[in-house]
Amino acid sequence: MTNPAERLVDLLDLEQIEVNIFRGRSPHESLQRVFGGQVAGQALVAAGRTTDGERPVHSLHAYFLRPGIPGVPIVYQVERVRDGRSFTTRRVTAVQQGRTIFNLTASFHKAEEGDFEHQLPPARTVPDPESLPTVAQEVREHLGELPEALERMARRQPFDIRYADRLRWSDEEIKAAEPRSAVWMRAVGPLGDDPLVHTCALTYASDMTLLDAVRIPVEPLWGRRGFDMASLDHAMWFHRPFRADEWFLYDQESPIAVGGRGLARGCIYDLRGRLLVSVVQEGLFRRLDG
């Protein structure tokens, strides 16, 4: 497969090895740890595969307990906590080499008509995604060409990401910057018609840029890093149906960073400004030696 979107769908297609046990691939990559969005997306697939498929997920709450090892398969063990008349609950434990690396609890809700509806409008107005350059284009414009490592990463990237605000490259540019970021995203190719695949693909994407909001006042997002960061926990609430291969706006902010931890929250909207998903995450930030 050459299409990164197809590779993402394949990555989310777990092998069932027992009634409530699934195995997921973990690609060999030049990363210190397995990408957290991959583990969260695969765990949600495992949870969804044990339901009747008629109830979409409405929320998930997860903890990243240990860094995953790239290239080593991950086993997902599902506990069927509850099957009620309206709600289904699943608890998933991700195990790698005999050690628990991740826990997730997901709740699925039978679709129903509400008695009322409201939504706050998006907090900011941003340019249309088609009018913005891709990340690769911005990097090429600044550096003249993509470094080899970034070129490989760009070819494997399953999502087209376009920052609503131009990338900052220097300490001078981040002075007085607020801890906010907004990006347009969509899968680089079709993801099929299974709603669970779209939900899990967006779960994957939700971990890609959210902690940017914490870093923005501290260091440029691109270039040499002064801090190591790792996701600690992740929570999502799914409000409306969506397709992850259509443009969505991820509006992100960090209300606080203290004690080596930064909190970030995001709202995901479609092109019409309808709120699709709400996300909250805390990350660990530590200064890199040297």
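This is a predicted model: local features need pLDDT of at least 70, side-chain atom pairs count only at pLDDT 80 or more; totals for chains, interfaces and linings use all residues.

Let us begin with the largest cavity, whose lining is made of Tyr163, Asp165, Arg166, Leu167, Arg168, Arg180, Ser181, Ala182, Ile216 and Leu221. Residues are numbered from 1 along each chain as its sequence is written, and side-chain values use heavy atoms, with hydrogens and water left out.

How do we find such spaces? Rolling a probe the size of a water molecule over the atoms shows where empty space is left. On a 1 Å grid over the protein atoms alone, a cavity is a set of points where a 1.4 Å probe fits but cannot get out, whereas a pocket is an open set with protein on both sides within 12 Å along at least five of seven lines, and lining residues have an atom within 4 Å of a point. Grid points are joined across faces, edges and corners, and a volume is the space filled by probe spheres set on the points.

The largest cavity has a volume of about 80 Å³, and the structure holds one cavity of 30 Å³ or more. Strand E8, residues 180-187, contributes the most to the lining of this cavity, namely three residues; strands here are DSSP runs of at least two residues (E), and helices are runs of at least four (H or I), numbered from the N terminus.

Turning to the second largest pocket, its volume is about 1,300 Å³. Of its 33 lining residues, Pro56, Phe238, His239, Arg240 and Pro241 are the closest to its centre. Which helix gives the largest share of that lining? It is H5, with four residues.

Helix H5 (195-206) is largely enclosed by the rest of the structure, because 10 of its 12 residues are buried, where buried means under 20% relative accessible area, exposed over 50%, and partly exposed in between, with a 1.4 Å probe and protein chains only. Among the buried residues of H5 are Val197, His198 and Cys200.

Finally, alanine 123 sits in the loop between strand E6 (99-109) and helix H3 (135-143). Is this residue buried or exposed? Alanine 123 counts as exposed, because its relative accessibility is 72%.
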